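Grab the model, try each task, then check your steps against the solution.

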Amino acid sequence: MSDRITLHIDGSDRTVAVPPAMTLVQLLKREGYRGLRQACDGGSCGGCTVLLDQRPVLSCLLNARQSVGRKILTIEGVIAYNDELRLLPLCLKKAGSAQCGFCTCGFIMAAAGLYFAARDPQRDELVTALSGNLCRCTGYEKIIRGVELFFAVINGRTDRAQLASAHDCTAPVGERIEKLDGDGLTRGEAAYASDMVMPRQLVMRLLTATVAHARIRAIDISAAEKLPGVRLVLTHRNTPDTRFTTAAQGYPEPSPYDARILTDTVRFHGEPVAAVVAEDLATADAALQLITVDYDELPVMLTFADAYEQTKAAIHPAGLANFADPAHNLVCEFQYTQGAVGQTPDLVRVSGTFTTSKQQHVHLEPHVAIAAKDEYGRINIISSTQVPFDVRRIVARALGLPFSMVRVSKPRLGGGFGGKQEVLVETIVACAAARLDRPVKLLLSRREEFLFARTRHPFRVTLELGFTRAGKLTDLTAGILSDTGAYGGHGSTVAELATMRIASLYPAPNVRVDTKVICTNKTPGGAFRGYGEPQVMFALESLMDEAAAQLGMDPAELRLLNHIRAGDRLPVETLFVQPHPPGEVITTCELPRCIARGQERIGWGTPRPAPAPHVRTGKGMAISLQGSGIANITRSSVTVSLNEDGSIQLLSGAVDVGTGADTVLAQIAAQTLGVPLTRIHIITADTAVTPYDSGSYASNTTYFAGHAVQQACARLREQIFTWAAAKFQLPRDGMALRGNMLVAGDITKPLPEVATAIFADLRPVDTVFCITVKKETAAPPFIATFVDVDVDIQTGRITVVKAVQVADCGTIINPLLAEGQMEGATLQALGYALTEEISYAADGRVRESDLLAYRVPTIFEKPEFAVEFIQPHEPTGPYGAKAVGEVAFATMAPAINNAVFAACGVRFRDLPMSPERFFAAQRS
Amino acid sequence: MLTRHATREYHAPENTSALFALLAAPVPNTALLAGGISLHWRGCRASRLIDLRHIISSSVSVTDGTVAIGAGTTVAAAAAAHLPAPLTALRQACARLASPQIRNVATLGGNLISHFDFSDTLGPLYLLAPNLRLITRDGAVTRPFTELLVKDRFTLPANTVLDAFIFPAARLAQWRGGRHHKESRLGRDLATLGLTILDRTDGAFDLALTAYWLQMRCWHAVTNAADLQAQLAALPPPKSDQRATADQRRRLLAALLDRLLAGGAA
């Protein structure tokens with residue numbers, strides 16, 4: 001029963017009806033207050049922070065009635081509070097604090113609390129004040145800088161004029177320009193799918209398996225169906241039996257078709273077995289309790305030995321999935337060889353077996369989708385996805401619909417990192433919406449994210465390197481076992497990329513890599529920043545250090561002697577085709593300068609004094625390369641059009657996952673056309689509106705979509721010039737667009753007037769250009785990473801004091817955003833190296849299913865960052881650009897491992913490098 | 001997100017009469033709210049919530065050396081309060097509890113009132129052993145903290161509400177200071193643990209050790225640190241299905257204790 005209570009919100013009294021169970025965040029969201037996010041199941045993320053009597057609190061932990069008689073301040077109140085506090089969102093925008101923006105308002109509210117508590121806080125006060133909030137994108141550095149900028153401005157140390165927008169810039173490539181959507185993100189105006197409520201919307205909840213491997217003998221939904229308010233209960237019995245893959249990838253689709261909407265065989269703990277659609281969450285949850293499932297349990301296989309070497313059972317029996325050897329749970333295997341390993345005498349050999357952990361993306365916005373039929377009978381899906389066109393394809397296949405009957409769009413995304421390259425929730429909400437003629441929404445809880453969203457694939461890498469006495473790498477022999485979990489998904493392509501990368505960084509005449517992908521009863525693996533590279537680089541770059549020690553060389557010197565160079569050819573393009581086609585020729589590689597600069601920034605060779613007797617300090621390094629999309633696979637189309645007022649409309653199927661891709665594409669458009677950035681209007685990723693794009697993954701957007709933008713805008717510019725030269729009798733040579741003017745010699749004409757005249761022309765002058773880009777290259781960016789660590793030899797705690805990332809990513813289109821990508825990847829990789837791991841009990845149950853047990857880095861774990869770019873002009877990229885998004889990830893774990901060895905002589909072979917493993921390694 | 005729709009009633013009684021009238025009408029699965037964090041831990045399953053904010057004290061006072069801290073005092077307020085030196089460890093524990101947002105809502109008495117008896121503040125409270133001012137139907141009564149401990153678990157008598165912690169001047173006089181160290185986010189299974197040391201005026205010290213795998217252990221009037229280390233080494237091995245070994249935990253404890261005894265933050 002709801003009572004009416006009066007709350008004082010943002011300076012006004014509001015009387016509202018509140019049921020007894022309603023939390024403050026639920027109330028505020030219901031009443032339309034924006035900027036409140038829930039990224040956890042309560043108390044862990046800080047996304048729902050509001051001020052209560054000027055102190056920050058978590059509105060998810062408070063009953064709404066607990067705030068009666070107290071002053072509530074939300075982000076709207078911050079903006080309206082006074083002339084000082086309203087600068088806070090602006091400062092965070094200016095500092096590049098918002099990437100996906102899902103957490104940003106929570107940080108702003110925490111900072112607002114600090115504003116009321118301290119006029120001019122010290123940095124440690126500031127960090128502590130922000131420590132209750134999680135961010136997965138930024139690495140926290142730019143958030144801290146945004147808040148510092150705010151206090152600098154209000155205390156008169158920085159001029160307010162510095163907060164002015166740079167969006168009127170007409171040559172924006174290379175400029176530190178804040179995100180075009182920065183205001184929306186920092187003022188809570190951005191719309192995420194998780195916030196959306198459609199008229200007549202129903203909600204879906206999922207019943208997840210309590211066992212890890214079982215056939216469903218019986219499932220009784222009769223009681224749930226009878227519960228008032230329940231509209232539909234779905235199981236494997238009443239959903240299509242079509243097999244498909246949930247792994248979203250380009251054409252040709254490489255993944256096994258091993259999934260269906262709801263399963264009749266549970267293959268991992270937490271796998272959904274039924275779905276309830278109801279009028280409200282309470283009813284849906286109550287209905288879930290009424291469903292009974294009778295399981296016929298099967299052997300649980302969690303290790304390579306159980307699943308493959310001494311197989312206990314086939315997880316996907318023959319005929320159900322196109323695995324290489326379903327009887328032994330072998331999804332695929334491949335081999336890459338060149339030369340003949342083991343034939344060269346007198347080599348200095350180093351070897352080891354390395355294991356890596358199962359990392360979860362923890363994008364702060366969970367997976368969410370809303371599906372509804374429109375007046376044409378089409379299924380419209382709004383999803384937090386990186387791959388709208390792949391969602392369309394997979395949903396159409398799962399439901400047996402033509403592509404034209406499925407439309408997919410995405411609002412702002414609350415992070416992705418590859419996790420939303422998986423079609424996890426869209427098929428089932430589409431299935432329900434198709435039957436009910438009402439919108440259906442499914443938003444996963446954080447626990448559900450841990451139970452069945454995808455993870456990084458754990459690898460076991462056995463590696464041997466053979467060097468001449470002079471340090472030249474001659475032999476590389478690797479055995480890679482990848483655990484793809486219960487479904488094939490991205491398993492084969494992740495392993496393929498890992499195989500290619502381990503053979504690429506140091507070209508050796510003799511190489512042999514044997515790779516197998518094994519299915520187990522664990523949460524499925526998926527796409528994740530780095531896509532197989534972090535696993536193999538942990539092995540390769542750790543072993544390179546061991547080799548340097550054996551050879552008596554400096555680790556940097558050994559790498560400089562062996563790394564791939566401009567003019568070298570990548571060994572292979574794909575392993576799925578026989579014979580393997582050769583890879584692309586590297587056109588730019590500035591690794592030597594990256595290494596040299598990194599050595600300077602870290603103080604290589606200069607020991608840092610230990611801060612305490614029980615602490616040892618050490619420095620380590622690693623290098624790596626990534627891709628800029630996928631050669632011959634990534635496909636990006638862009639449509640650019642001139643509006644009648646001279647503004648430019650840019651349609652792209654690419655998705656801004658939070659990286660700032662929309663801003664970067666607009667910068668390229670503005671630079672090419674010579675118009676102010678403010679005149680570019682970008683619309684992205686709606687399968688019914690924008691042209692096809694493979695989706696945002698593999699760090700492809702700038703290199704591919706950016707190139708399409710550049711080419712399309714060049715065509716439009718030429719069209720304007722040609723038309724204007726003829727119409728106004730102007731000299732064509734030297735014609736240019738500057739600012740908002742057409743310039744030809746001494747004559748200038750406002751672009752809006754020119755545009756209007758074009759539309760008034762009696763002839764049909766084409767003002768719309770669509771360009772598709774697909775390339776034979778995906779120019780690799782390169783990186784040298786250096787870290788400086790403290791190792792507490794008594795507690796096993798490893799603290800990364802400083803992380804230096806010097807990268808060759810070609811021309812940097814937007815240094816502010818590029819730095820943010822590097823810092824964010826660095827901290828996410830630090831978590832992978834030190835703390836993050838999903839583990840399983842013997843019966844296959846997931847042990848870490850919340851943000852208390854699964855430890856992502858907080859602001860306290862953030863090291864000092866030093867990010868620098870060496871910028872060669874990459875001829876195959878737009879304005880010389882290569883990719884930025886992933887390259888900073890793979891090197892962190894081996895660099896930390898090497899630094900720990902330098903500090904105290906302990907080497908890790910397993911991730912994460914936990915204190916428990918430190919003690920074990922110390923003893924051994 | 002986690003949905004909480006079990007609650008059918010919410011009450012915030014204005015006075016003790018109203019409170020005890022509510023408690024006299026037994027409703028299964030009733031939860032008392034003293035702050036709000038317990039809403040997450042317990043309230044999501046409670047069918048009736050009784051908010052004590054109008055009932056219990058939330059002030060801090062020092063009178064003739066005796067300190068009274070209301071059970072409804074937020075952890076943030078306790079951390080910022082000017083308190084005598086023996087209560088330094090309690091202040092430090094408050095300052096490091098959870099996150100700023102939680103410290104602004106969680107109360108010193110909240111966990112005890114909610115019977116969720118694991119918190120950073122419990123170590124210092126166990127050692128300081130304050131008197132507890134309880135609200136009963138017949139008025140306020142004071143009971144020693146230790147009386148309410150049953151096998152290291154804190155249990156309030158039925159139909160009583162914790163109102164305040166009273167630290168008598170005479171008791172506080174036995175310590176000259178103290179410190180608290182919290183080790184968190186250290187590996188997956190080693191963490192989290194808390195160590196509290198109170199330095200006695202006679203040169204000995206009291207130690208409270210909290211860790212989820214061994215709950216709470218206290219040692220009083222320790223004069224020989226080596227003996228204590230031996231006792232720590234003899235602690236029962238942890239439960240199974242944990243990655244850290246008993247030996248690793250003992251080594252960690254020994255190291256942290258050494259550092260804390262040396263006088264600084266561990």
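A crossing is left-handed if the near helix is turned anticlockwise from the far one by less than a right angle, and right-handed if clockwise. This is a predicted model: local features need pLDDT of at least 70, side-chain atom pairs count only at pLDDT 80 or more, and totals for chains, interfaces and linings use all residues. Residues are numbered from 1 along each chain as its sequence is written, while chains are lettered from A and ligands numbered from 1 in the order in which they are written.

**Exercise 1.** Work out how α21(A) passes α22(A).

Solution. Start with the elements: helices (H or I, at least four residues) and strands (E, at least two) are DSSP runs, numbered from the N terminus. Helix α21 (residues 815-834) and helix α22 (residues 892-904), both of chain A, have axes that come within 8 Å and cross at roughly 60°. That angle makes α21(A) oblique to α22(A) (under 35 degrees is roughly parallel, over 145 roughly antiparallel, 65 to 115 roughly perpendicular, the rest oblique). Axes are lines fitted to C-alpha atoms, for helices over the stretch in contact, and angles run from 0 to 180 degrees between N-to-C directions. As for handedness, the crossing is right-handed.

Next, the contact (C-beta atoms, placed from the backbone, within 7 Å): α21(A) brings Thr826(A), Ala829(A), Leu830(A), Tyr832(A) and Ala833(A), and α22(A) brings Met892(A), Ala893(A) and Ile896(A).

**Exercise 2.** Describe the side of chain B that touches chain A.

Solution. Count first: the contact takes 36 residues from chain B and 39 residues from chain A. Among the elements supplying at least two residues on the chain B side are β1 (9-11) and α2 (38-41). The largest share, 4 residues, comes from α10(B).

Notes. Two residues are in contact if their C-beta atoms, placed from the backbone, lie within 7 Å.
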